[in-house]
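Visitor: Please show me the model, and then let us go through it by question and answer.

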Amino acid sequence: MDAAGEELADRIRALMGADPSIEEKRMFGSRAFLMDGRILVGARKGGVLLVRVSEEQGAALAVRPGVARAVMGAKTMSASWLDVDVATVADDDALMFWIDAAREDSAGRP
């Protein structure tokens with residue numbers, strides 16, 4: 001992963017604090033942050049934030065500026081997987097919005 005991705009991972013780690021329910025793993029060339037074995041968010045190349053939410057929430061959030069369905073390789077992912085560009089998560093309040101959206105959605109999943 002590049003420097004921008006590493007910087008984003010550092011910011012995510014700092015905002016999540018010492019939450020023992022969060023696990024950090026290297027996955028798919030990214031740094032992923034998981035809760036109960038499921039990806040919440042990930043730091044990707046270029047400082048792009050990967051966010052996992054429900055299909056419904058993803059469809060609603062994808063209309064925001066700087067947000068698009070995630071693309072992994074040649075595959076465009078479902079509406080549950082969003083890429084949020086670096087400018088959209090430039091400050092910690094904006095980044096926390098996306099972390100909270102993923103956590104909120106994760107709490108509702110079986």
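Visitor: Which residues point one way from β2, and which the other way?

Guide: This is a predicted model, in which local features need pLDDT of at least 70, side-chain atom pairs count only at pLDDT 80 or more, and totals for chains, interfaces and linings use all residues. Residues are numbered from 1 along each chain as its sequence is written, and side-chain values use heavy atoms, with hydrogens and water left out. Strands (E, at least two residues) and helices (H or I, at least four) are DSSP runs, numbered from the N terminus. Ser-30, Ala-32 and Leu-34 point one way from β2, and the other way point Arg-31, Phe-33 and Met-35.

Visitor: Is strand β2 largely enclosed or exposed, and how many of its residues are buried?

Guide: Buried means under 20% relative accessible area, exposed over 50%, and partly exposed in between, with a 1.4 Å probe and protein chains only. The strand spans residues 30-35, and its buried residues make it largely enclosed by the rest of the structure, so the count is 6 of the 6.

Visitor: Which residue is the bridge partner of Ile-22 in β2?

Guide: Two strands pair if DSSP finds at least two bridges between them. Strand β1 (residues 22-27) runs antiparallel to β2, and 6 bridges join the two. Met-27 of this pairing stands opposite Ser-30. For Ile-22, the partner in β2 is Met-35.

Visitor: Which residue in the hairpin of β1 and β2 takes a positive phi?

Guide: The hairpin has 2 residues between the strands. The positive phi, near 55 degrees, belongs to Phe-28.

Visitor: What is the bridge partner of Leu-34 in β3?

Guide: Strand β3 (residues 38-43) pairs with β2 in the antiparallel sense over 5 bridges. The two form a hairpin with 2 residues between them, and Asp-36 in the turn has a positive phi of about 55 degrees. Across this pairing, the partner of Leu-34 is Ile-39.

Visitor: Which residue in β4 stands opposite Val-41?

Guide: The β3 and β4 strands run antiparallel and are joined by 3 bridges. Their hairpin has 5 residues between the strands, with Gly-46 in the turn at a positive phi of about 80 degrees. Opposite Val-41 stands Val-51.

Visitor: Which residue in β8 stands opposite Leu-50?

Guide: β4 also pairs with strand β8 (residues 81-84), in the antiparallel sense, over 4 bridges. In β8, the residue opposite Leu-50 is Asp-83.

Visitor: What is the order of the strands in the open sheet, and which are its edge strands?

Guide: The open sheet has 6 strands with antiparallel pairing, in the order β1-β2-β3-β4-β8-β5. Pairing on one side only marks the edge strands, β1 and β5 (67-69).

Visitor: What angle does the direction of helix α1 make with that of β3?

Guide: Axes are lines fitted to C-alpha atoms, for helices over the stretch in contact, and angles run from 0 to 180 degrees between N-to-C directions. Contact means heavy atoms within 4.5 Å. Helix α1 (residues 3-16) packs on the sheet and touches β1, β2, β3 and β4 (49-52). Its direction makes with that of β3 an angle of about 130 degrees.

Visitor: Within what arc do the buried residues of α1 fall?

Guide: The buried residues of α1 are Gly-5, Leu-8, Ala-9, Arg-11, Ile-12 and Met-16. Seen down the axis, with the arc taken over the directions from the helix axis to the C-beta atoms, these residues line one face of the helix, because they fall within 160 degrees.

Visitor: Which side chain does a polar contact join to that of Arg-103?

Guide: Arg-103 lies in helix α3. A polar contact is a pair of N or O atoms within 3.5 Å; within protein, one must be able to donate a hydrogen and the other to accept it, and residues adjacent in sequence count only if both atoms are side-chain atoms. At 3.5 Å, the side chain joined to Arg-103 is that of Asp-19.
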